[in-house]
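Please examine the sequence and the structure shown below. The paragraphs that follow lead through some strands, a pocket and several charged pairs.

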Amino acid sequence: MALGWNVFIRVERGKPALISLDLDARPSGKGDDKYLCLLAMQLRQADADGFPSRKELDGPIVGVEDALERIAGKELGGRYVGRITSGGMVVFFCYVPNATIAKERINAALPAFNDYRFQFNAKADPEWKDYFKILYPTPEELQGLMNDGVLRNLEEHGDQHSVPREVDFQINFADESSRARFRKAVEAAGYSIRDEKHCGESGERPYKLQIWLDMPVDKETIDETCLDLMDLAEACNAKFDGWETVIAKAQ
């Protein structure tokens, strides 16, 4: 499933960081994206959290992104993958086949933003380690983003998130004993079993369990529920595989 571009906030060492990235970006393995180019831009209108004003975001930041997408992607055959904003600084990430040429072309585009200070750095990163370490969400953050997508889809169809309804959750296990441990724990917590089966062609976790709970799906509740189930799944050497529900409207 394509995830596309997304934005989320992460707090590290007490400081908030705003991350925007292409969740579908991956190394090509062909050598045309083995160098990471980092372009740091000092904000001029940062707020108390170190984030840009709307004017700054829609103006120079989008302008720099457009330039990097054109240079890294269309001109050099690489890829612009995202940015992180923290402490009044924006750092843009792109992967290219040749860092020297990328630096020349990026520097040539920067005079259009002469009110800002920039710093360029490049390094070999053929496996995109910095992309996954710095930009890519943790499993918990990724689940939160996926929850947002489901909630938006429900809302577009008139769903009232505060209305309780049956919500189904899918968990995959490596063996029956792990599934039995998980089942016992969730039944004690009030969940009911919808279905359980064994799929012989499902790789490392062929044992499936579908559980359900009557509950609302507001953002706070669904995020907390998913995180609790993810923690329990990890303790059982299992993998939480998302949730689904029906549309519920106020009566």
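Which residue of β9 does D168 stand opposite? In this predicted model, the residue opposite D168 is W212. The two strands concerned are β7, residues 165-173, and β9, residues 207-215, which pair in the antiparallel sense over 9 bridges. Strand β9 also pairs with β8, residues 192-198, again in the antiparallel sense, over 6 bridges. Within this second pairing, Q210 of β9 is the bridge partner of D195.

Consider next the largest pocket, which holds about 650 Å³ of space. Its lining comprises 27 residues, and L142, Q143, M146, F240 and G242 lie nearest the centre. Two or more lining residues come from each of α4 (139-156), α6 (219-235) and β10 (238-245). Of these elements, α4 gives the most, with 10 residues.

The whole structure contains 18 salt bridges. One of them joins E176 to R179, with the closest N and O atoms 2.5 Å apart. Both residues belong to helix α5 (residues 176-188) and lie 3 residues apart, about one turn of the helix. E176 counts as partly exposed, at 31% relative accessibility, whereas R179 counts as buried, at 7%. Through shared partners, salt bridges join E176, R179, R183 and E196 into one network.

Another salt bridge links the side chains of D130 and K123, at 3.2 Å from N to O. D130 is buried because its relative accessible area of 14% is under 20%, while K123, at 38%, is partly exposed. By contrast, K129 and E127, which also form a salt bridge, are both exposed.

Notes: Residues are numbered from 1 along each chain as its sequence is written. This is a predicted model: local features need pLDDT of at least 70, side-chain atom pairs count only at pLDDT 80 or more; totals for chains, interfaces and linings use all residues. Side-chain values use heavy atoms; hydrogens and water are left out. Two strands pair if DSSP finds at least two bridges between them. Helices (H or I, at least four residues) and strands (E, at least two) are DSSP runs, numbered from the N terminus. On a 1 Å grid over the protein atoms alone, a cavity is a set of points where a 1.4 Å probe fits but cannot get out, and a pocket is an open set with protein on both sides within 12 Å along at least five of seven lines; lining residues have an atom within 4 Å of a point. Grid points are joined across faces, edges and corners, and a volume is the space filled by probe spheres set on the points. A salt bridge is a side-chain nitrogen of Lys or Arg within 4 Å of a carboxyl oxygen of Asp or Glu. Buried means under 20% relative accessible area, exposed over 50%, partly exposed in between (1.4 Å probe, protein chains only).
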